[in-house]
Amino acid sequence: MSSTNQPSSEFLAILSERGFIHQVSDMDGLDAKAKSGDLAAYIGFDCTAPSLHVGSLVQIMMLRWLQKTGGKPVVLMGGGTTRVGDPSGKDESRKLLSVEDIQANKVSIQKVFANFLTFGEAKTDAVMVDNADWLDTLKYLDFLRDVGRHFSVNRMLSMESMKMRLERDQELSFLEFNYMVCQGYDFVELSKRYGCTLQMGGSDQWGNIITGLDLGRRMGTPQLFCLTSPLLTTASGAKMGKTAQGAVWLSEAMLPAYDYWQYWRNCDDADVGRFLKLFTDLPLDEIAKLEALDGAEINEAKKTLATETTALLHGRDKALGAAETARKTFEEGALAQSLPTIGIERAELVAGLGVLGAFVKAGLVASTGEARRQVKGGGLKVNDAAVTDERGTLHESDLIDGAIKLSLGRKRHVLLKP
């Protein structure tokens, strides 16, 4: 990373102040390019699942700030590279997906970006492209001759993503070995097609990204730049985007807006200021005031964080609805009808629905065994009353306003409705 001064371009100044920057290949050169008003940058997203999760949100927000400061974001979908599989950070090969699954995942993922970026034909409008457009049409021998000759196997083997697998005696397939070549070639193609001079990504991608810069230099493209963000962990050391309940998905079909709001509301006190800078558009002076709150008042900052992050992804109406649901549930003790809901057959209540099975059905615990352990610790509640009898059953008489409220601890709630 090279830099002599604080960035003078609005884009890099914002990224620096908000904590987005980990490494830059040429800070002064990139700063001048950004200041010129002619910066197009891209980030690649492979289609390995039907949704991205919170772990990708830093990269999405970097593209958002690029557009807000007059740059052009290019969202690269990895329809081609997903067929190869990125070995970075993995002890074993990723599961190979069919072309049909990759396409379905891509369509699902695309919907998220419209909430953060403006797409269109104007100079700073975002565009979304798929690297399958050029990778699928390559002729193998021509590609080896024109592109492969620029890659040093010695250098590739020195990259962390490769070294980790080799040092642990984990198999590294020839297919995966080509991922770096494909990603590097993406940079060259996007430079030609869209004038992209900057590739951004997480710090675990530095080796792949810098390889693309080097390939561009060898193949005669204009000056290219690389920028990575730090890999985030929470104050507790957990990886962003993962919880005990599973991934924090960005697709509402995989994680309701209310649960997304709760994820941010429940963050560690020590993370509030950092997350407000990274994951919201709030001005820094306003964030500083929220960050200065302590004691019980820090909860107000957490609610602001939850509402602002949810508004970006799901819209302000759903964010405010989630906040109101939480207020009614936790501050008024009321049975908020907008809590996540699971349908059941009324006949189950007539016959008597086992309380442990009900918590499994609601997805609050993974098994009846786990439910029993929670009962012993006082962690399960029905209509805000602690479950003490693991052999208890739920009946129609337990319905309140047409629903039964199941709670795991203080923060996770589901309604059962016949």
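Student: Which residue is the bridge partner of G343 in β15?
Tutor: That's K417. Strands here are DSSP runs of E with at least two residues, helices are runs of H or I with at least four, and both are numbered from the N terminus.

Student: And where does this model come from?
Tutor: It's predicted: local features need pLDDT of at least 70, side-chain atom pairs count only at pLDDT 80 or more, and totals for chains, interfaces and linings use all residues. Residues are numbered from 1 along each chain as its sequence is written, and side-chain values use heavy atoms, leaving out hydrogens and water.

Student: OK, back to β15. How many bridges join it to β9, and do they run parallel or antiparallel?
Tutor: There are 3 bridges between β9 and β15 (residues 412-417), and the two run parallel. Pairing takes at least two DSSP bridges between two strands.

Student: Switching to helices: at what angle do α12 and α15 pack?
Tutor: About 140° for α12 (residues 257-265) against α15 (residues 298-314), with axes 8 Å apart. Axes are lines fitted to C-alpha atoms, for helices over the stretch in contact, and angles between N-to-C directions run from 0 to 180 degrees. So α12 is oblique to α15; under 35 degrees would be roughly parallel, over 145 roughly antiparallel, 65 to 115 roughly perpendicular, and the rest is oblique.

Student: Which residues of α12 make that contact?
Tutor: A257, Y260, W261, W264 and R265, meeting α15 residues that include L305, T309 and H314. Contact means heavy atoms within 4.5 Å.

Student: Is α12 enclosed or open?
Tutor: Largely enclosed by the rest of the structure, because 8 of its 9 residues are buried. Buried is under 20% relative accessible area, exposed over 50%, partly exposed in between (1.4 Å probe, protein chains only).

Student: What about α13 and α15?
Tutor: α13 (residues 272-279) packs on α15 at about 20°, with the axes 10 Å apart, so α13 is roughly parallel to α15. On the α13 side, V272, F275, L276 and F279 make the contact.

Student: Last one: where does L39 lie?
Tutor: In the loop between α2 (27-35) and β2 (40-46). L39 is buried, at 5% relative accessible area.

Student: Which residues is L39 in contact with, beyond four places in sequence?
Tutor: Among them are F11, L30, L66, K72 and L198.
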